[in-house]
Amino acid sequence: MTNVKRFISIMISSVMLLTILAACGGNNTNNGGSNGEGGSQKLPKISLFQSKVEIADQLEAMAKKYKEETGNEIEVWGSAGDNYLTQLQAKLNAGEGPTIFGVQPGAETNKFKSYYYDMSNESYIKNIAPNMDVKIDDKNIGVPIGVEGFGFVYNKDLVDPAKITDLASFKAFLEESKAKGINGFSLSQEAYFLIGHILNTPFALQADPVAFIEKLNKGEVKMADTKEFQEFGQFMEAIRDLAKNPLEVTYDTQMGDFATGKTAIVHQGNWSYGMLQDYKDINASMMAMPLAGNTKLAVDIPGIWVINNKASADQIKAANAFLEWLYNSETGKNIIVNEFKFIPAMTNIETKDLDPLSQAVSEATVSGNTIPWALTHFPQGIIQNDLAPVTQEFFLNKSMTGAQLLQKLDEVWAKAPKQ
Amino acid sequence: MNASKNRAWYALFTLPLLTIFSIVVLIPFAIGIYYSFISWDGIPANPKVFVGFDNYVHIFQDERFMKSAWLTIKFTFLALIIVNVMGLALSLLVTSKLRTSNIARTLFFMPNLIGGLILGYIWKFIFTDVFKYVGENTGMGGVFFNWLLNPDYALYAIAVVFAWQMAGYTMIIYIAGIQGIPDDMMEAAKVDGANAWHRLTKIIFPLLMPSFTICLFLTLSGAFKIFDVNLSLTGGGPINSTEMFAMNIFNEIFGYSRYGIGQAKAIVFFVIVAVVTLVQVYITKKREVQM
Amino acid sequence: MKKTSKFILEALLVVIAILFLSPIYIMIVNSFKTRSELYENALALPSSFSFEYYAQAMQKMNFLTAFGNSLFVTLISLLFIVVLASMTAWMLVRSNNRLSQIIFMVLVSTMLIPFQTLMMPLMQVMGWIGNTLHIPMLNTHGGLIFMNVGFHASMAVFLYHGFIKSVPIALEEAATLDGCTKFGVFWRIVFPMLKTITITVAILDVIMMWNDYLLPSLTLSDKGLRTIPLSTFYFFGEFTIVWNLAMAGLVLSIIPVVIFYFIAQKHIIKGVAEGAVK
């Protein structure tokens, strides 16, 4: 019957259409390993995935250079900053994870720990600066991307750091600035810039920050009962009462206000210098948050590269070859310092021509004048989901005291899920 | 013979689509239901522990989730009304005999083209800069201030942006409906002396029922699932006053890494919403006129 | 009387249009500004209208490749959606039995599932298909098209379903008597009558797929496969946006859709003379 014939022909053609679709996609994935010319032992193509959009261009340029020098290929995957972890998780779930990827030390590193290749015996590990290695079960699982630091970033023309040494002088400075029509100090509305970073100081000043966080998780200690935090509460009160409401300030406007001299001090890190320059060249430097006598900048590793142990043995070999090239070859070292503009966490890479903020961080690192980033050990998601809303309430409700802020922080901390 | 032939035709017409749909939507959804009974952090290599109904029990004690569910319902109701009133009004305006209709149709539609995140950021400028400026310079500070900093107003801010985006969208569908109304019907009504209002309520509205069904449903599902604008405009703040449902789930899954609980939330909310909307679709469908 | 009311309507339209356009104005002026200009005043006109940021954005986004990719994915997906969904919807309306009702309800209700809850299982399913059936669903345009069809099918069926009822069934019956198969009836008689709603479906789906970021971001990894929204990732840092390039990129990416819409809408609007409200 004609109907049946037609039925069959339609079925066949639609199946064919789908096959063609799948096939035309297939071409794209296969062109990786096919061209066997060049070096005798060509390594398979590997992929690299990371969250720092700021160096996306430089990474791609690096991939080109890597191919020129070694003939091996590395594909850099792209991701918008706040979408990175979602994408990474999705790709791992599909069994299509990248060969090398970046994670933050602390809670995030723990989350993906079943994926790490043990780097302990690789040569590029040997040059990691003291205390800058990241280990799980005594195995080196990642190589640090670099070092970053944050603290009070100040305008040298408006601030004399020697005069801001404790709560009283900080307050006096805010009042003085206010009288001059300048905003003395600014946080900004993004969760990390509003509470995450600044709250790091009282944590980092504890004898053992990680143990303190564990105790806090178990409810054995309270921020409200701890001396450094109590002073932190007073700092926050001063900021609320004597400076611009950070909820009205975005990272963009914070930098703009700082660059144009409308704000004297911002709580920021050396990563902000690139953005600062978009506005104006400014005479800036970084000092410690003078909480409870603190004189140290918060300096730590913002991220590490890890190798995916689910990749094939050949790919792992290729990934090791790449990291070896990046951290030990002259070209690679040059890229880290001059292209990525990272402060290296390696003893075999020299720093030079750093911007003023990175210079301050680098000096603090060399002299050991640093406190760690305790915040990376906070329970996952807590800054965004729990601490920020409480802080917003604090800044919107003028009658809330610093002590009440601490109580609320304790409360949400107790309730928040801990892995 | 005839019956089996009909069945073959039925299969031929529906199966290709249903197969793709099942692979892409239904199977993942079923897997999602399964995940709502386990405790897992979303990392494939990490253990999945079966916990029965624990996740469901947990979410009913989660005040924040309850609050966010209520907020979403409130928002959806608000959005439903604003979007459809605006969409319908715009569609009537631009299908009428006006010189500017043609260009207006494109203009009203433009907001739709600015996707998700950027849209929220642009509106952030409007609420923080423009509103403040207007408020300070006109003395209408009671209306024009930064809505995003006020827990009571931030939700309305999202509703405004959502309406701005969706009104043009529903307008398209209403236009399609209006264009489907036979001209002779309108002419006949005119000859019979029906005035504009009567033509609107007695002819246009009843014949637009399919469009109402569609638009109400699309607004409903869009509002229930709102995420991008929520994230970029308020990020759920201030003080969690605008953390809506999709965002709450997202925070659970990717913030706290509690995949099972996030899935259970999704299932519960899906069931509630599905019942509500299917009732809505059922009711409006019943009122549609078959020709 | 008639003239004044018309004038009022006309004026109203202009006012609404201006209000509607203000965010778009912000988008356009800021695509010409430096970061510090934007900081000074986000609303002011730029100091110069140089297209340097557009050139930069195009170069960074690898615009032509991304444009080709977006075009390919969007159009092929649309083709499948229109063909498959219209056929399905017609069958569901015309064989109005229990099964059809259930299928329809399932299709419609799944539109309420937030994508965020589907994405992990979806990726697992796609990974499984790739590994066991050796059909590459991930990191291919074909796979993305397949998923687009699956996700947008229900809305298209829903739209068609509502409008198929306005197609007079008598015509179909006559054609069947003349010896047309169901296939013939649908493509020769019914589908041409669905032109208005087909264009509506096309407009709505094209925008959604053209602007979609999340799904492609999960499925496509290789640089050469990126669609336009994916290729703008360079401009979105975790805490800030490179405003001028992001806005310029956005303007560039929506121009094709505006043109498409402008052409498409002409086909669904009857002559100006036959408007509904007079």
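The predictor gives the complex an ipTM of 0.87 and a pTM of 0.86. Chain B touches chain C through 82 of its residues, and 21 residues of chain B take part in the contact with chain A. The points below take up confidence, then each chain, then the contacts between chains.

**Confidence**

- Chain A has a mean pLDDT of 86, and 90% of its residues score at least 70.
- Residues 22-40 of chain A stay under 50 in pLDDT. For this stretch the model has 25 contacts beyond four places in sequence.
- Chain C has a mean pLDDT of 85, with 95% of its residues at 70 or more.
- Within chain C, helix α4 (residues 63-94) has the highest confidence, at a mean of 94. Helix α1 of chain C (residues 2-30) has the lowest, at a mean of 81.
- The pLDDT is below 50 over residues 271-278 of chain C. This stretch has 19 contacts in the model beyond near neighbours in sequence.
- Where pLDDT is low, the predicted coordinates should not be read in detail.

**Chain A**

- Chain A contains 15 helices and 12 strands.
- Of the 419 residues in chain A, 50% are buried.
- Counting contacts in chain A between residues at least 6 apart in sequence, 77% join residues at least 24 apart.
- Where does A:S329 lie? A:S329 is in the loop between helices α11 (313-328) and α12 (330-339) of chain A.
- A:S329 counts as partly exposed because 14 other C-beta atoms lie within 10 Å, a count between the limits of 12 or fewer for exposed and 20 or more for buried.
- A:S329 and A:A364 are 35 residues apart along the chain, and their C-alpha atoms are separated by 27 Å.

**Chain B**

- Chain B has 12 helices and 2 strands.
- The C-alpha trace of chain B spans about 80 × 75 × 30 Å along its principal axes.
- Chain B has 291 residues, and 48% of them count as buried.
- Of the contacts in chain B with a separation of 6 or more, 71% are between residues 24 or more positions apart.
- An unreviewed UniProt entry places the feature "transmembrane region" at several spans of chain B, among them residues 75-95 and 266-283.
- Residues 75-95 of chain B are 100% helix and 0% strand, and the end C-alpha atoms of this span lie 30 Å apart.
- Residues 266-283 of chain B are also 100% helix and 0% strand, with 25 Å between the end C-alpha atoms.

**Chain C**

- Chain C is divided into domain 1 (1-61 + 236-271 + 274-278) and domain 2 (68-228).
- The centres of domain 1 and domain 2 of chain C, taken over C-alpha atoms, are 30 Å apart.
- Where the two domains of chain C meet, 7 residues of domain 1 are in contact with 9 residues of domain 2. The domain 1 side has 5 nonpolar, 2 polar and no charged residues.
- An unreviewed UniProt entry places the feature "domain: ABC transmembrane type-1" at residues 67-264 of chain C.
- Residues 67-264 of chain C are 77% helix and 0% strand. The end C-alpha atoms of this span lie 20 Å apart.

**Contacts between chains**

- How many residues of chain C are in contact with chain B? The contact joins 80 residues of chain C to 82 residues of chain B.
- Helix α1 of chain B (residues 2-35) gives the largest share of the chain B side of this contact, with 17 residues.
- By class, the side of chain B that touches chain C has 56 nonpolar, 19 polar and 7 charged residues.
- The contact between chains A and B takes 24 residues from chain A and 21 residues from chain B.
- Which elements give two or more residues to the side of chain B that touches chain A? They are α1 and α11 (245-255) of chain B.
- The side of chain B that touches chain A divides into 11 nonpolar, 8 polar and 2 charged residues.
- Helix α1 of chain B therefore contributes to the contact with chain C and to the contact with chain A, going by helices as numbered from the N terminus.

Methods. Residues are numbered from 1 along each chain as its sequence is written. Chains are lettered from A and ligands numbered from 1 in the order in which they are written. This is a predicted model: local features need pLDDT of at least 70, side-chain atom pairs count only at pLDDT 80 or more; totals for chains, interfaces and linings use all residues. Helices (H or I, at least four residues) and strands (E, at least two) are DSSP runs, numbered from the N terminus. Ala, Val, Leu, Ile, Met, Phe, Trp, Tyr, Cys and Pro count as nonpolar, Asp, Glu, Lys and Arg as charged, and the others, Gly among them, as polar. Domain bounds come from an automatic or database domain assignment. pLDDT is the predictor's confidence in each residue, from 0 to 100. UniProt positions are given in the numbering used here, feature names are shortened, and annotations may be inferred rather than shown by experiment.
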